Amino acid sequence: DRAGDYRILHEADLRDYLAGVPDIAALLGGGPASWAITEVGDGNLNLVFIVKGTKGGIAVKQALPYVRLVGESWPLPLSRAHYEYLALSKQAELAPGLVPALLHHNKPLALTVMELLEPHIIMRKGLVAATQYPGFVDDITTFMAQTLFFTSDLALSAAEKKEGIAAFAGNHALCKVTEDLIFTDPYRIAEQNRWTAPYLDGLAAELRDDMDLHVAISRLKLKFMASPEALLHGDLHTGSIMVTESQTRVIDPEFAFYGPMGFDVGAVLANLLMAYFASPGHERKAGERAAFEGWILETVERVWNEFARKFLDLWGAGAEGDAYPVSLFAGEKGAARLEAERQAYMQRLFTDAIGFTAAKTIRRIFGLAHNIDFELIEDPRRRAISEARAVRLARAMMVEAAAFPAIADVTGAARKLR
Ligand code: ADP
Ligand code: MG
Ligand code: MG
Ligand code: MG
């Protein structure tokens, strides 16, 4: 296992490699020649293979030394596979059953073998098809509350926390991708930008000239860069969530690092809101998706409310992090003051989440990486109408944050724009 051992494993090499890992070969069953191997990667960065044997199946993810979506001209460190593996291990410990089981990792090959999620589908595809997921709110809020709270100074000693930051600090190239693609490029002329032209040309030009927005996005960028509050997933959109009607699994934490909690929460909220705004574009008959659209907005509200409740429950349950020392909040007076401070903390976190929700929305409409919620609306004029509504809300959330003191203000504004 030396760094020089990296090579891209295409089908035949992968078969040989897996045959040499006894636990994996046993799990698959039958002879290696009988294994069915299919490349299914639909993400922007990596190779993903599904391998099925006579007994069982696995998913194999290998990082490429460049961005898959763009090609070899945009190199990206292989080490991201190791950070993904570290994050997945931590998430499995803190949110058991909500991530795929880890089966094998090879650091020099930047390769991870994990549980095959089947019949799970990428949640974004389900949302395009107007599917409702009744267990989603409970699962995703448990995932976020557990992973964010227990990697923060509210739960850890100062030493543990700083060791955690150090363990992920090397993942800075992935952070830089976010810093550029989410917090910078959509607001300036950049070669990789695209949008639904010509309908959104005017809006794109407005964003490039909107100094209030440039200040707001720069503040959010600074918060992203300079606030190591907790171990983030870092890419928690609905394309990183696999679901059945009753199960939720979070995948793809290669962007993991210690950052501001609101970034993960905002990713979930933004992608639900985009599903809402895209929904009319997928209608074949007026009103046929009304129940789904109602469910989506209710889900937006419940994601925030349930997350806040679970997070505060964890904090109230005798957490012994080095922040907020118990000795400073003794007696009835101390307890009351600490409770008020917890509420104030959640309000600040909400404000962050709302800003990141907006940032995550605008990048999907004017930046490099778009999402199928909008892209699958074939008629560009209809698509642009949906996108423009999402951008209008996002701009208001970023620049007039005070107009959105509660999650119901967000869903109320979304409903009015429909
Ligand atoms: P990328 O980092 O390139 O976005 P992902 O980890 O998101 O890669 O995986 C790409 C695709 O591979 C997912 O959209 C999903 O369809 C499939 N996939 C990933 N992990 C699994 C898994 N454990 N089981 C089944 N399919 C998976
Ligand atoms: Mg992905
Ligand atoms: Mg992505
Ligand atoms: Mg990824």
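Which domains does the domain assignment of the protein give? The assignment gives domain 1 (3–115) and domain 2 (121–417), with bounds that come from an automatic or database domain assignment. What follows rests on a predicted model, in which local features need pLDDT of at least 70, side-chain atom pairs count only at pLDDT 80 or more, and totals for chains, interfaces and linings use all residues. Residues are numbered from 1 along each chain as its sequence is written, while chains are lettered from A and ligands numbered from 1 in the order in which they are written.

The centres of domain 1 and domain 2, taken over C-alpha atoms, sit 28 Å apart. Where the two meet, domain 1 puts in 19 residues and domain 2 puts in 22 residues; a contact here means two residues with C-beta atoms, placed from the backbone, within 7 Å.

Now for the overall build. The C-alpha trace spans about 60 × 60 × 40 Å along its principal axes. The radius of gyration is 22 Å, which agrees with the value near 22 Å for a compact globule of 418 residues; this radius is taken over C-alpha atoms, and the globule rule is 2.2 Å times the number of residues to the power 0.38. Of the contacts between residues at least 6 apart in sequence, 74% join residues at least 24 apart. Buried residues account for 44% of the 418 (buried means 20 or more other C-beta atoms within 10 Å of the residue's own, exposed 12 or fewer, partly exposed in between, with C-beta atoms placed from the backbone).

As for secondary structure, the protein has 15 helices and 12 strands, which are DSSP runs numbered from the N terminus (helices H or I, at least four residues; strands E, at least two). Strand S1 (residues 36–39) and strand S2 (residues 46–52) run antiparallel and are joined by 4 bridges, where pairing calls for at least two DSSP bridges between the strands. A hairpin of 6 residues links S1 to S2, and alanine 36 faces lysine 52 in S2. Elsewhere, 3 strands make up an open antiparallel sheet in the order S8-S10-S11. Its edges are strand S8 (121–122) and strand S11 (248–250), each pairing on one side only. S8 meets strand S10 (residues 241–243) over 2 bridges in the antiparallel sense, with isoleucine 121 bridged to valine 243.

What about the inside? The largest nonpolar core has 115 residues, and those touching the most other members are Leu269, Leu272, Leu273, Val300, Val303 and Ala359. Such a core is a set of buried Ala, Val, Leu, Ile, Met, Phe, Trp, Tyr and Cys residues joined through C-beta atoms within 7 Å. Helix H10 (residues 261–278) gives the most to this core, with 14 residues. Both domain 1 and domain 2 give residues to this core, so the core lies between them. Beyond its neighbours within four places in sequence, valine 303 is in contact with Val137, Ile140, Thr141, Val268, Leu269 and Leu272.

Aspartate 138 belongs to helix H5 (residues 136–149). This aspartate 138 is partly exposed, with 13 other C-beta atoms within 10 Å. From tyrosine 83, aspartate 138 is 55 residues away in sequence and 26 Å away in space, C-alpha to C-alpha.

Finally, an unreviewed UniProt entry lists residues 37–291 as "domain: Aminoglycoside phosphotransferase"; UniProt positions are given in the numbering used here, feature names are shortened, and annotations may be inferred rather than shown by experiment. In the model, this span is 40% helix and 19% strand, and its end C-alpha atoms lie 39 Å apart.
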